[in-house]
Amino acid sequence: MSNPFQARERFADGAHYIAGQLRPGTSGRQHTVVDPATGDSVYTYELAGTADVDDAVAAAARAFPQWSDATPGERSDAMHRFATVLTAQAEDLARAESLQCGKPIKLSTEFDVPGTVDNAAFFAGAARRLDGVAAGEYSGDHTSYVRREPIGVIGSIAPWNYPLQMAAWKVLPAIAAGNTIVLKPAELTPLTSLMFAQAATEAGIPDGVVNIVSGAGRDAGEHLVGHPAVAMTSFTGSTAVGRRVAEIATGTVKRLHLELGGKAPFVVFDDADLEAAVHGAVAGALINTGQDCTAATRAYVQRPLYDAFVSGVADLMSTVRLGDPFDPATDLGPLVSYAQRDRVAGFVDRARAYATVVTGGEAPGGELARGAYYRPTLVTDADQGSEIVQSEIFGPVLVVLPFDSDDDGLALANDTPYGLAASAWSRDVYRTGRATREIRAGCVWVNDHIPIISEMPHGGYRASGYGKDMSAYSFEEYTQIKHVMQDIKGVARKDWHRTVFADR
Ligand code: NAD
C-alpha cells in the first residue's frame, strides 16, 4: 500500500519548531526517520544541537509572561480550539504516526489520535479548575489562601512508542496551567510532535508557548535537562535514562517528573472468566506491538486454569494478522526499528536456554522479512528471577507462569522493581479488592488491561517513576502552590511578638 503521508514536503523547512516557525537544526548531524515496515527512508533532518535548545528555551521564556498572565478562561478557549484543529487533522496525524512507528492504522486512528483529542478537550476544561484548599482565617488573625502558579519553562523528553500521545500528555497539562514548554521527542519519531505544535499555533496559542527540538538524548536531551532557564523536567522513557536525567536535574535543583519503564503483571485467579482473561492477555500483550509501558508482560495464572490459559493464548496469538500498517485489516505492525526488533529477539533467544518458547520467537519470512516484524511470542517455564520475567522487553512477548495460593500470585506480581500497571482477573469481588490494595502499581485494572482515560491519573510506583500524567492530578506536577497569609487585624503590636520581644 502506498504511503499516504509526505514528510519531506511537509517538513521541508526543518524538524524543529521554535517560536512558531519550523527551522533546520544546527548540530551538524543528520538523522533519518525510517518506515519500519519497509526499511524505506521517510525523512532526513539535521538533529537539534545545543544552540537550538538554547533558542527554544529562550522562545519559551519570552512567551511565558503573556501566557501565564492569560486568564484560565482565555487559555481554556485556546485549548478548545486546539482540540478542534487536531480533530480536523485526525487523518493526517494517524497516517504520520503509523508511518514513523509502524503502528497499524486502526490503532493510530482509533486510539492514538482520539486519545490525544480527548486529552486536549479535557485540559481545555481543566484549565479553569486549578483547585486548592479553601481560603480561611485559620490563625484567627489572618486570611490564608493558596495561589496555584505555573512553574515557568518546562523541558520535556518523550519516547518513541506513542509520540503523539506523549506530546499531548507532556504539553497539555503544562500549558493549561500557564507554563510554556520545550519538548524533545525521540529522534526516531519527531513527525507528529511537530504537527501537534503546529496545530497549537493554528489554534491561536501564542508563538513560543509550545516548542519542539528534535535531537538526540545525549546532547540535546541532556542540555535541555541541565538548562538553567528550564524550571522543571518532565521525562518519559526508560528507567535507565530516567536515572541519568534525575542526576542532571538535581544539579540545577529542578522539579522532576519521571514516567519510566514497566513490567505489568496480569494475575488470573482460578474463578476468572477464562475466555475474557485469554482475550485480555493477548490484547494487553500485543497492543502497539508490545511497545507499551503498561503492556501485559507477566501473566500469573492459578494452577487449575494454567494449561487452558496457555493453550488459549497460543491459539489466539496464531490468529493475529501481521502486515502492512496501512492495511486496515492489519492487527500487528513491526517494532519501531530493526534495533528494537533485534533487542526483543535477543531476550527470547537467551530465554531458550532456560524456558519454553511455545509460539512465535521469530521474525516472519516472505514479504514482511524486510520490515522490523516479530511474531507474537508466548514463553512458559521461566523462573521468576530470570531475565525474561524481570526485564522490560518492550515487544510482543508474554511470559506465563503458574501459581498456587492467592498469596503467591500477589507476591509474584509485586516481585520486580517496577510498579506502573497491573491487572487482576476474578469473579470474586473480595479477591480483586485484595489485589487492588496489595499490588504496588500506579494503576490496577480489574478484569481488563490497558484502557486509559483523560480524567484519571497515569504514573508509576517504585522504579516506574513518580508524577502523574493526565487528569487534574497532573496540575500538582505542573504548578507550584504559594501560601498567601494576610493580616486582617491591622494591629501594629501583634500578640506573637512577645516570643521575640520581652515586653510588648
Ligand atoms: P529511552 O529512555 O531510550 O528514551 C526516551 C527519551 O529520552 C528519548 O527522547 C531519548 O532521546 C531521550 N534520551 C536518551 N538518553 C538521554 C539522556 N542521556 N538524557 C536525556 N534524554 C535522553 O526510551 P525509549 O526507548 O524511547 O522508550 C521506551 C521506554 O519508555 C520504555 O522503558 C517504556 O516503558 C518507557 N515509557 C514509559 C511510559 C510511562 O508513562 N511510564 C510511557 C511510554 C514509554
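**Exercise 1. Find which residues line the largest pocket and which of them lie nearest its centre.**

Step 1. The lining of the largest pocket counts 44 residues, and Trp160, Phe235, Gly237, Ser238 and Val241 lie nearest the centre. Here a pocket is an open set of points on a 1 Å grid over the protein atoms alone, with protein on both sides within 12 Å along at least five of seven lines, and lining residues have an atom within 4 Å of a point.

Step 2. Before going on, note that this is a predicted model, in which local features need pLDDT of at least 70, side-chain atom pairs count only at pLDDT 80 or more, and totals for chains, interfaces and linings use all residues. Residues are numbered from 1 along each chain as its sequence is written, and side-chain values use heavy atoms, with hydrogens and water left out.

Step 3. Now the elements: α6 (163-176), α8 (217-226), β9 (232-236), α9 (239-251) and α12 (338-351) each give two or more residues to this lining. The largest share, 6 residues, comes from α9. Helices (H or I, at least four residues) and strands (E, at least two) are DSSP runs, numbered from the N terminus.

Step 4. The pocket has a volume of about 950 Å³, taken as the space filled by probe spheres set on grid points that are joined across faces, edges and corners. Its lining holds 23 nonpolar, 12 polar and 9 charged residues; Gly counts as polar, and Tyr and Cys as nonpolar.

Step 5. Domain 1 (16-260 + 460-483) and domain 2 (264-446) each supply at least three of the lining residues, with bounds from an automatic or database domain assignment.

**Exercise 2. Describe what surrounds the ligand.**

Step 1. Around the ligand are 28 residues, the closest being Ala158, Glu222, Ser238, Leu260 and Glu392; such a residue has a heavy atom within 4 Å of the ligand.

Step 2. Look for polar contacts (pairs of N or O atoms within 3.5 Å). Oxygen atoms of the ligand lie 2.9 Å from a polar side-chain atom of Lys184 and 2.8 Å from a side-chain N or O atom of Glu187. Gly217 brings a backbone N or O atom to 3.4 Å from a ligand nitrogen.

Step 3. Of the 840 Å² that the ligand exposes when taken alone, the protein buries 90%, by the Shrake-Rupley method with a 1.4 Å probe.

**Exercise 3. Which residues line the largest cavity?**

Step 1. A cavity is a set of points where a 1.4 Å probe fits but cannot get out; the whole structure has 5 of 30 Å³ or more.

Step 2. The largest cavity, with a volume of about 110 Å³, is lined by Phe111, Tyr162, Gln165, Met166, Trp169, Asp292, Cys293, Thr294, Ile450, Ile452 and His458.

Step 3. The most comes from α6, with 3 residues. By class, there are 7 nonpolar, 3 polar and 1 charged.

Conventions. Polar contact = N/O pair within 3.5 Å; in protein donor to acceptor, adjacent residues only side chain to side chain.
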